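Hello,

Here is the structure I said I would pass on. Please open it first, then read the notes below with it on the screen.

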Amino acid sequence: MPTRITIKELHATTGVHVRRAGAGRAPIVVTDRGEAVAVLANPSLLKPRKRTRILLPEFKALMARGQKGSTQEDLDAIRGDR
């Protein structure tokens, strides 16, 4: 069961609690009037979020066309006669 501390306790001894959470294997729950409002935990306990890359249809079409010419040619075409 995780340790529970109040916001007042956290304010009084922040360094102690942060170091204890960083060194421990269990999170510390911070409460406000009995309600959990935050959790202090060792970063190694957090699971990395796997993100899914979403490509716009227009970008997929652009990539499917392949590279034609150079980047400088593309920029010149966009800029025109500036």
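**The core, and what surrounds it**

The largest nonpolar core consists of five residues: Ile 5, Leu 10, Ala 21, Ile 28 and Val 30. Please keep in mind that this is a predicted model.

Thr 31 is the next residue to look at, and it sits in strand β2. Is Thr 31 buried or exposed? Its relative accessibility is 8%, and the cut-off for buried is under 20%, so Thr 31 counts as buried. Not counting residues up to four places away in sequence, Thr 31 touches Arg 4, Ile 5, Thr 6, Ile 7, Ala 36 and Val 37.

**The overall layout**

The protein has four helices and three strands. Read from the N terminus, the order of the elements is β-α-α-β-β-α-α.

Along its principal axes, the C-alpha trace spans about 65 × 30 × 25 Å. Of the 82 residues, 11% are buried.

Contacts between residues at least 6 apart in sequence can also be sorted by separation: 32% of them join residues at least 24 apart. The protein exposes about 7,500 Å², and carbon and sulfur atoms supply 57% of that area.

As for charge, there are 16 positive side chains and 8 negative ones. The centres of these two sets lie 13 Å apart.

Gly 24 is in the loop between α2 (14-23) and β2 (28-32). Not counting residues up to four places away in sequence, Gly 24 touches Asn 42 and Leu 45. Gly 24 and Ile 5 are 19 residues apart in sequence, and their C-alpha atoms are 15 Å apart.

Arg 33 belongs to the loop between β2 and β3. Its phi is near 55 degrees, which is a positive value in a residue other than glycine. Arg 33 has a relative accessible area of 80%, and the cut-off for exposed is over 50%, so Arg 33 is exposed.

Pro 48 lies in the loop between β3 (35-40) and α3. With a relative accessible area of 78%, Pro 48 is exposed as well. How far apart are the C-alpha atoms of Pro 48 and Phe 59? They are separated by 27 Å, with the two residues eleven apart along the chain.

Helix α3 covers residues 57-65. Why does helix α3 lie largely in the open? Of its nine residues, the number buried is zero, so the helix lies largely in the open. Just after α3 comes Gly 66, which takes a positive phi of about 85 degrees.

Regards

Key:
Residues are numbered from 1 along each chain as its sequence is written. This is a predicted model: local features need pLDDT of at least 70, side-chain atom pairs count only at pLDDT 80 or more; totals for chains, interfaces and linings use all residues. Side-chain values use heavy atoms; hydrogens and water are left out. Helices (H or I, at least four residues) and strands (E, at least two) are DSSP runs, numbered from the N terminus. Buried means under 20% relative accessible area, exposed over 50%, partly exposed in between (1.4 Å probe, protein chains only). Contact means heavy atoms within 4.5 Å. Accessible areas come from the Shrake-Rupley method with a 1.4 Å probe; for residues, only the protein chains shown count as cover. Lys and Arg count as positive and Asp and Glu as negative; His and the chain ends are not counted. The place of a charge is taken as NZ of Lys, CZ of Arg, CG of Asp or CD of Glu. A nonpolar core is a set of buried Ala, Val, Leu, Ile, Met, Phe, Trp, Tyr and Cys residues joined through side-chain atoms within 4.5 Å.
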